Amino acid sequence: MTAIGLWNIAAQQPHRTALVTPDGREVDYAELAGEADRLGRGLQSMGLAPGDSIVLMQPNGFELVAAYFAAMQTGLYVVTVNWHLVGAEIAYILGDSGAKAFLAHERFADTAREAADLAGLDAERCFAVGEVPGFRPLDELGADDPAARPDVRTAGSPMLYTSGTTGRPKGVRRALTGADPDEVPVQSQGFFGIFGLGPFDDHVHLCGSPLYHTAVLNFVSHSIQFGHTAVLMDRWDAEEMLRLIERHRVTHTHMVPTQFHRLLALPRETRDRYDVSSLRQVIHGAAPCPNEVKRAMLDWWGPVITEYYAATEGGGTSIGPEDDLRKPGSVGKAWPGSVVKVLDDQGRELPPGEIGIVYMKMGSSSFEYHGDAKKTRENRVGDLFTLGDVGYLDEDGYLFLRDRKSDMIISGGVNIYPAEIENVLSVHPKVADIAVFGLPHEDWGEEVKAVVQPAEGVEPGDELAAELLDHA
């Protein structure tokens, strides 16, 4: 029987398909493992050692996944950066993470070049897929080393950036375990077990969201470690998703409610054109899902939809289709090994039905916000952490979320922080005061709105609105 783990599968089933790239190319386990070896050797030849960090600014594709596994076998922290950010924001992450290498894609050439310059990153440490001025071709990394595994092999870790509730994003950093990278961690196996996903079993995972999101990256990397094929989309499209499910006989995927809503908006004849009977598990989270939307998806796809509540920092809870009918509006019960409690402002545990702040932890796993001990302390009570969400547990231990203690907006499953937008708009000379907030939106879940008090002598109207939008 083939052992799980990328390199084990590559050795025993080298021609098994690991990835299907957005352009339809099939990549087998041997090719993916070989590319991860080459990049890992190259990074070590540059002097990178366990505990160092690399930053990836790449779209969903073979190169990103290979670089991720290169870091995960050489003891590096790997940051997959949100490529919607501007140059200064990415430069902050390069500096804050202590990046020793920056691997970018030509699609983001201007922003990558600006970020590297602002961060003062040595050009010898900047690599590009395609053409980025001043960056070395990624093909050069490790090309002169003999084809073999890296000299030092030890488990690395993702370090993804999250604002949690407020302020500049912080990297969620966990201590390196020193484990053998050929072994799939027990917690990874347990995580997939929550959703009934086991090794091999002809599983095919469809990835329709950017790999800089924690859950998205976890589902793709875990699927590959489990011998599943991961089908990558470049940009999500409702009908294209249905086509890929039918084409590749997709068994599981990870989604956000906005995607459900857009699928349901397709004409009935379009929806009926595609066979989605291969689906066994559709996992969704990142934002609240309206009950009517979930019911409509269950009517269409059947009892395959599971909701969960968690965070980059850890978690969480989940609820399957049967329990969802009994507990509408709940995000479920705590995962095995996870603790979920509702506390008051003094940190005392509240009884069932009483609303307070939701705190969690996942087994013995711990983390720190990189470079911000104050934030690490403030978000904790004992070994529990909070995202600032407010809710209650019922008498059966099911969690119901009611509000957020912070002002965070969630649009399309993405966290948006009003203070950041207010800080940008408030410095415009035509703005006297500003307030930014979220409003319910049928498609996105929430949309961002701003109310502006114009500076003295400035006329309100469409012209001012357009100028402020351009400034933002």
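Visitor: Before we start, what does buried mean here?
Guide: Buried means under 20% relative accessible area, whereas exposed means over 50% and partly exposed covers what lies in between. The model we are looking at is a predicted one, and Ile 283 is a case for that definition: at 0% relative accessibility, Ile 283 counts as buried.

Visitor: OK, where is Ile 283 found?
Guide: Ile 283 belongs to strand S14, which covers residues 281-284.

Visitor: And what does Ile 283 touch?
Guide: Leaving aside residues up to four places away in sequence, Ile 283 touches Phe 195, Leu 197, Phe 219, Thr 253, His 254, Met 255, Thr 306 and Tyr 308. For one of these, Thr 253, there is also a C-alpha to C-alpha distance: Thr 253 and Ile 283 are 6.2 Å apart in space and 30 residues apart in sequence.

Visitor: What about His 252, is that buried or exposed?
Guide: His 252 is found in strand S13, and His 252 is buried, with a relative accessible area of 0%. With residues up to four places away in sequence not counted, the residues that His 252 touches include Phe 192, Leu 197, Ser 223, His 228 and Gln 281, and also among them are His 203, Val 204, His 205 and Leu 206.

Visitor: Some of those sit in S11, so which residues cover the faces of S11?
Guide: Val 204 and Leu 206 lie on one side of S11, His 205 and Cys 207 lie on the other, and all of these are buried, so that both faces are covered. In a regular strand, side chains alternate between the two faces of the sheet.

Visitor: How many bridges join S11 to S12?
Guide: Four bridges join S11 to strand S12 (residues 229-232), and the two strands run parallel. Within this pairing, Leu 206 stands opposite Val 231 in S12.

Visitor: Switching topic, what is the strand order in the open sheet?
Guide: Six strands form that open sheet, in the order S7-S6-S5-S3-S4-S8, and the pairing is parallel. Its edge strands are S7 (136-137) and S8 (157-158), each of which pairs on one side only.

Visitor: How many bridges join S6 to S7?
Guide: Two bridges join strand S6 (residues 126-129) to S7, the strands running parallel, and the bridge partner of Phe 127 in S7 is Arg 136.

Visitor: Which strands does H5 lie across?
Guide: Helix H5 (residues 109-119) lies across strand S3 (53-57), strand S5 (99-105) and S6, and runs at about 165 degrees to S5.

Visitor: Now helices against helices: how do H2 and H3 cross?
Guide: The axes of helix H2 (residues 29-45) and helix H3 (residues 62-72) come within 8 Å and cross at roughly 60 degrees, which makes H2 oblique to H3. The crossing of H2 and H3 is right-handed.

Visitor: Which residues meet there?
Guide: From H2 there are Glu 31, Leu 32, Glu 35, Ala 36, Leu 39 and Gly 40, and these meet Phe 62, Val 65, Ala 66, Ala 67, Phe 69 and Ala 70 in H3. The residues of this contact between H2 and H3 divide into nine nonpolar, one polar and two charged.

Visitor: Last one, what is phi at Asp 201?
Guide: Asp 201 has a positive phi of about 55 degrees although Asp 201 is not a glycine. Asp 201 lies in the loop between helix H6 (186-194) and strand S11 (204-207), and is partly exposed, with a relative accessible area of 48%.

Visitor: And Arg 249, where is that found?
Guide: Arg 249 is in the loop between helix H8 (238-248) and strand S13 (252-255). Phi of Arg 249 is near 55 degrees, a positive value in a residue other than glycine, and at 37% relative accessibility Arg 249 counts as partly exposed.

How values were computed:
Residues are numbered from 1 along each chain as its sequence is written. This is a predicted model: local features need pLDDT of at least 70, side-chain atom pairs count only at pLDDT 80 or more; totals for chains, interfaces and linings use all residues. Side-chain values use heavy atoms; hydrogens and water are left out. Two strands pair if DSSP finds at least two bridges between them. Contact means heavy atoms within 4.5 Å. Axes are lines fitted to C-alpha atoms, for helices over the stretch in contact, and angles run from 0 to 180 degrees between N-to-C directions. Angles under 35 degrees count as roughly parallel, over 145 as roughly antiparallel, 65 to 115 as roughly perpendicular and the rest as oblique. A crossing is left-handed if the near helix is turned anticlockwise from the far one by less than a right angle, and right-handed if clockwise. Ala, Val, Leu, Ile, Met, Phe, Trp, Tyr, Cys and Pro count as nonpolar, Asp, Glu, Lys and Arg as charged, and the others, Gly among them, as polar. Buried means under 20% relative accessible area, exposed over 50%, partly exposed in between (1.4 Å probe, protein chains only).
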